[in-house]
Amino acid sequence: MAFGLHNPAYVRLGIWPVAPLVHPRMIRFMEQLPYDYKRDKRMFRDRLRRAGLPDSVAAPTEPENFLAVMESGLRTYGLPLLDEMLTDSLLVDLGYVDADALSRARDHAERAPAVPDLLCDTLALEAGLRSLA
């Protein structure tokens with residue numbers, strides 16, 4: 001369901017996104033592995049090394065971080081969508097989101113150094129619902 005929420009364009013075209021690593025058999029397999037194989041994604045990292053990838057890919061010293069990209073996107077596209085939601089929102093109309101609280105959260109997000117994650121989830125759900133309407 002989470003993939004459907006985050007991939008409304010696929011769902012609209014009748015394509016249901018699949019995450020093979022969350023298949024029950026894969027989860028059961030991973031649960032049965034010895035802890036040393038799971039710690040720090042050792043099995044995954046060893047596989048990348050055997051595939052010929054350098055340590056900078058298999059075991060980077062700093063993990064990838066998309067916070068700056070996410071923040072920019074939320075400020076550029078998310079806050080205007082929040083403005084639309086203040087006048088016309090499926091979540092508000094259905095009673096799942098309080099319009100006054102949303103308005104306060106919008107004002108806070110404008111002044112805050114980072115747009116709160118909860119607003120991102122609300123925007124994603126609103127966008128997903130709109131794509132199905």
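Helices here are DSSP runs of H or I with at least four residues, numbered from the N terminus. With that in hand, let's walk through this predicted model, in which local features need pLDDT of at least 70, side-chain atom pairs count only at pLDDT 80 or more, and totals for chains, interfaces and linings use all residues. Residues are numbered from 1 along each chain as its sequence is written, and side-chain values use heavy atoms, leaving out hydrogens and water.

Helix α3 (residues 24-32) gives the most to a nonpolar patch, with 3 residues. Leu21, Met26, Phe29, Met30, Tyr37 and Met43 make up this patch of about 530 Å². Met30 sits in helix α3 and counts as partly exposed, at 33% relative accessibility (buried means under 20% relative accessible area, exposed over 50%, partly exposed in between, with a 1.4 Å probe and protein chains only). Arg50, in helix α5 (residues 42-50), is exposed at 61%.

Now look inside. In soluble globular proteins, nonpolar side chains tend to be buried together. The largest nonpolar core here has 13 residues, and Leu82, Met85, Leu102, Leu119 and Leu123 touch the most other members. Two or more residues each come from α7 (67-87), α9 (99-111) and α10 (117-132), with the largest share, 5 residues, from α7. Such a core is a set of buried Ala, Val, Leu, Ile, Met, Phe, Trp, Tyr and Cys residues joined through side-chain atoms within 4.5 Å.

Which residues of α10 are buried? They are Leu119, Cys120, Thr122, Leu123, Ala124, Glu126, Gly128 and Ser131.

Key
Patch = residues over 30% accessible without salt bridge, like charges linked within 9 Å, V, L, I, M, F, W, Y side chains within 5 Å. Areas by Shrake-Rupley, 256 points an atom, 1.4 Å probe, with all protein chains shown as cover. Salt bridge = Lys/Arg side-chain N within 4 Å of Asp/Glu carboxyl O.
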